[in-house]
Amino acid sequence: MRDVAEEAGVSLKTASNVINHTGRMTDATREKVQKVVDRLGYRVNVSARNLNRGRTGFITLAVPCLTAPYLAELANRVIDAARIYGYSVYVTTYAEGTSRGAASLLRNFNATVSDGMILSLSEMEDLTPEDLSVDFPLVCVGARFTHHKADHVTPDDVQSARLATEYLLDRGVSRPAVVGSRTDFAQLSTLRDVTEGNAQLRMRGVFEACCDRNIALATELMPNVGHDWSIGSGARNMQRIIDSGVPFDGVIALNDQLAMGALSTLAANGISVPDQVQVIGFDNNEESAYFQPPLTTMDSCLDWIAPTAVSRIIDRISGSRVLQPELITTQTRVIARATTCA
């Protein structure tokens, strides 16, 4: 900048005003300085500028992994949303459910490289109020309780699952199977009290919708899959359901990966979809629209989650408003495709 000022014959302040598009001066002076900037190839040192302003210009996005399509898409959308505000995003993963998990990440947050964190909460994390009582801007996404210590941006998973279940029941399903449950059949009634966890909240919605319609769930039709929500798990557990010999005419898969695995197994067993069995998933991964047959699914609301989380973290960083931590939620919708009847 000093070289620019000397070459243009102006003060350092005037050169700074031209480069930063601030200050008052004649058009001729601004044009003269800009020509020198262009000729010398001057570029602003963004890191130095941000440090001078007390900000890094970066947000950290922490997710359990990037192999899950939902989390990869979340990362892409957060990056796009942050770019609108002139922010870049560091994406990191954590070893969920271990000593190097989310709690460790929160404790070791480095404010010299990032202005705040958007944390995607894993089902296997058990964060305490103390873990979430941090001295930097924090926004959480995902279906875990934040103890009112941080903003929490999430769709309503119970409502989403109720809607998915009712959608199948309205189309003639009377014996639904569930792929993705982490709740043993004997513990189904306890789901009415759950307040967190994608699997538990979605199972609560399924259970409540079935109870409202007097539809019985069978233990053989809802195997406990643990924490494995992969395509392979969907395929294997769909085969377990088929091998049980208990009749079923619908499948509620608690994510799209499970649903696609289930569809593969149904096809391998010669079971027609949707004529014999109707299938619905969750999250609307990109693959779901192109799978054969294209999968009916619940909208992930990522087009709302990402910009909402980024907007809130920017507000926290700027301190433009005094904000109390709050739960920010929205309703989802069915995306109807070929695995359910019209």
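Let's start with Cys65: at a relative accessible area of 23%, Cys65 is partly exposed. That label covers values between buried (under 20% relative accessible area) and exposed (over 50%), using a 1.4 Å probe and protein chains only. Keep in mind that this is a predicted model, where local features need pLDDT of at least 70, side-chain atom pairs count only at pLDDT 80 or more, and totals for chains, interfaces and linings use all residues. Residues are numbered from 1 along each chain as its sequence is written, and side-chain values use heavy atoms, with hydrogens and water left out.

| Residue | Relative accessibility |
|---|---|
| Cys210 | 1% |
| Ser160 | 5% |

Ser160 sits in helix 8 (residues 157–170). Helices (H or I, at least four residues) and strands (E, at least two) are DSSP runs, numbered from the N terminus. Leaving out residues up to four places away in sequence, Ser160 touches Phe282, Met298 and Thr332, where contact means heavy atoms within 4.5 Å.

Now for helix 12 (residues 302–318). Buried residues in helix 12 include Leu302, Ile305, Val310 and Ile317. The buried residues of this helix pack against several elements, among them helix 5 (69–84), strand 1 (58–63) and strand 10 (327–330). Just after helix 12, Gly319 has a positive phi of about 65°.

Finally, the cores. A nonpolar core is a set of buried Ala, Val, Leu, Ile, Met, Phe, Trp, Tyr and Cys residues joined through side-chain atoms within 4.5 Å. The largest one has 48 residues, and those with the most contacts inside it include Met238, Phe248 and Leu254. Helix 8, helix 10 (231–243) and strand 8 (278–283) are among the elements that each supply at least two residues of this core. Another core, of 25 residues, lies apart from it, with Leu71, Tyr87, Val141 and Cys301 among its members.
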